[in-house]
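Here is a short briefing to read alongside the model. Please keep the 3D view open as you go through the points.

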Amino acid sequence: MDILKLIYDSIDEINDDQEDNEKVEKKEETVIFGDGSSLDSLGLVNLITIIEQRIEEETGDYITIADERALSMESSPFQTVKTLKEYIEMLINE
Amino acid sequence: MSKTSEHRKVMLITGTSRGIGRFLAEYYIKQGFDVIGCSRSGSDIKSKSYKHFETDISVEKNIQQIFSHIRKEYKKLDVLINNAAINPMIVPASFLPYDVIEKTYKVNVFATMLFCREAVKIMSRNKFGRIINIGSIATRHDVKGESLYTSTKAAVNTFTRVLAKEVYTSGITANVLAPSVVKTEMSEKIKEEAIQQIFSRNAIDEFGKMEDISAMIDFLIKEDSSACTGQIYYLGGA
């Protein structure tokens, strides 16, 4: 499964509802939460939710991305598209 | 292939084997909803529009299985009614055993939070949702011996008010509906004296009806009721 493509497809879905000047760029270095992100906290929740459901649609398995570990990590996996991709790959490979 | 057409509304109700939950399941099936229900025991509701999960909702993965089914079969969820609750012990607070406190919080509070969490994920993707958490007039009256049950319902009240603020921009409303005392197996455990004490403080000093509850839910789940959120609606004039 190509996680990066899955994230980009999910960003496309999010962007359908974003104003033109708030579209999320499909780049690995795109900041997805905090300063420099065009997503607010609910936008991030929606993005994560869409990704979780797309993974379930592809694999049949539901994984919770925003789990206790992710939320308590010193370096949040929700900083950029790249850190999110790496975290999801780690969850899937476990 | 989805089990339901896009036009049919999908409703999830917890605690549908008896009492208020069962009444609501049967009522909304008749109204044309696809209803998913759950309880620790099985169900004898016979309808093509009804799917029952016999499961323990104090276990997180059991809740996730229900939502997995909803995502696969229905692709959406329009209404969640968190009705399941237990009231296993009516005793003074100083006598409450730890395991009873834990069990009651797991069903009444933790499960309610988890059902809301999973429902919001589906509803936000569809930009529409109505969440109704069943509360209790006990949170108005602070009846002696009911500290455990009442405190769980107070937690649900506050959780719901905060949730409402978090999800409104996704087209989702969240409210608490606190019925008056209706005749159920649960209310039969309450002493007559305590019930009379509650009635004496209500505007309506008699048992509530199931139809009072469905009438209020009918109103709250309407698309036009989108501004009604973050509220606790007490019935019976509590």
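## Strands, cores and a helix contact

In chain B, β1(B) and strand β2 (residues 34-39) pair in the parallel sense over five bridges. Strands here are DSSP runs of E of at least two residues and helices are runs of H or I of at least four residues, numbered from the N terminus; two strands pair if DSSP finds at least two bridges between them. This is a predicted model, in which local features need pLDDT of at least 70 and side-chain atom pairs count only at pLDDT 80 or more, while totals for chains, interfaces and linings use all residues. Residues are numbered from 1 along each chain as its sequence is written, chains are lettered from A, and ligands are numbered from 1, in the order in which they are written.

**The sheet of chain B**

- Seven strands of chain B form an open sheet with parallel pairing, in the order β3-β2-β1-β4-β5-β6-β7.
- At the edges are β3 (50-54) and β7 (232-234) of chain B, each of which pairs on one side only.
- From one strand to the next, the twist averages 15°; angles run from 0 to 180 degrees between N-to-C directions, and axes are lines fitted to C-alpha atoms, for helices over the stretch in contact.
- Helix α5 (residues 147-167) of chain B packs on this sheet and touches β5, β6 and β7 of chain B, and its direction makes about 160° with that of β6(B). Touching, or being in contact, requires C-beta atoms, placed from the backbone, within 7 Å.

- All five residues of strand β1 (residues 10-14) of chain B are buried. A residue is buried if 20 or more other C-beta atoms lie within 10 Å of its own, exposed if 12 or fewer, and partly exposed in between, with C-beta atoms placed from the backbone.
- From β1(B), B:Val10, B:Leu12 and B:Thr14 point one way, and B:Met11 and B:Ile13 point the other way.
- Six of the six residues of β2(B) are buried, so β2(B) is largely enclosed by the rest of the structure.
- One side of β2(B) carries B:Asp34, B:Ile36 and B:Cys38, and the other carries B:Val35, B:Gly37 and B:Ser39.
- Across the pairing, B:Val10 stands opposite B:Asp34, and B:Ile13 stands opposite B:Gly37.

- Strands β5 (residues 129-134) and β6 (residues 172-178) of chain B run parallel and are joined by six bridges.
- B:Gly129 has B:Ile172 as its bridge partner in β6(B), and B:Ile134 stands opposite B:Leu177.
- Why is β6(B) described as largely enclosed? Seven of its seven residues are buried, so the rest of the structure largely encloses β6(B).
- B:Ile172, B:Ala174, B:Val176 and B:Ala178 point one way from β6(B), while B:Thr173, B:Asn175 and B:Leu177 point the other way.
- Three bridges pair β6(B) with β7(B) in the parallel sense, and B:Ala178 stands opposite B:Tyr234 in β7(B).

**Nonpolar cores**

- The largest nonpolar core has 56 residues, and B:Met11, B:Leu12, B:Leu77, B:Leu80, B:Ile81 and B:Ala119 touch the most other members. Such a core is a set of buried Ala, Val, Leu, Ile, Met, Phe, Trp, Tyr and Cys residues joined through C-beta atoms within 7 Å.
- Nine residues of this core, its largest share, come from α3(B).
- Not counting residues up to four places away in sequence, B:Ile81 touches B:Met11, B:Ile13, B:Leu24, B:Ile132, B:Ile134 and B:Ile217.
- Apart from that core lies another of 17 residues, among them A:Leu47, A:Ile48, A:Ile50 and A:Ile88.

**Where the chains meet**

- Nine residues of chain B and seven residues of chain A make up the contact.
- On the chain B side, α2 (60-73) and α3 (98-126) are the elements that give two or more residues.
- Helix α2 (residues 41-59) of chain A packs against α3(B) at about 100°, with the axes 10 Å apart.
- That makes α2(A) roughly perpendicular to α3(B), a term for angles of 65 to 115 degrees.
- This helix contact is made by A:Asn46, A:Thr49 and A:Ile50 of α2(A) with B:Lys121, B:Ser124 and B:Arg125 of α3(B).

**A loop residue**

- B:Pro92 lies in the loop between β4 (79-82) and α3 of chain B, and with 9 C-beta neighbours inside 10 Å it counts as exposed.
- B:Pro92 and B:Glu146 are 54 residues apart in sequence and 7.5 Å apart in space, C-alpha to C-alpha.

Definitions and conventions:
Contact = placed C-beta atoms within 7 Å. Parallel < 35°, antiparallel > 145°, perpendicular 65-115°, else oblique.
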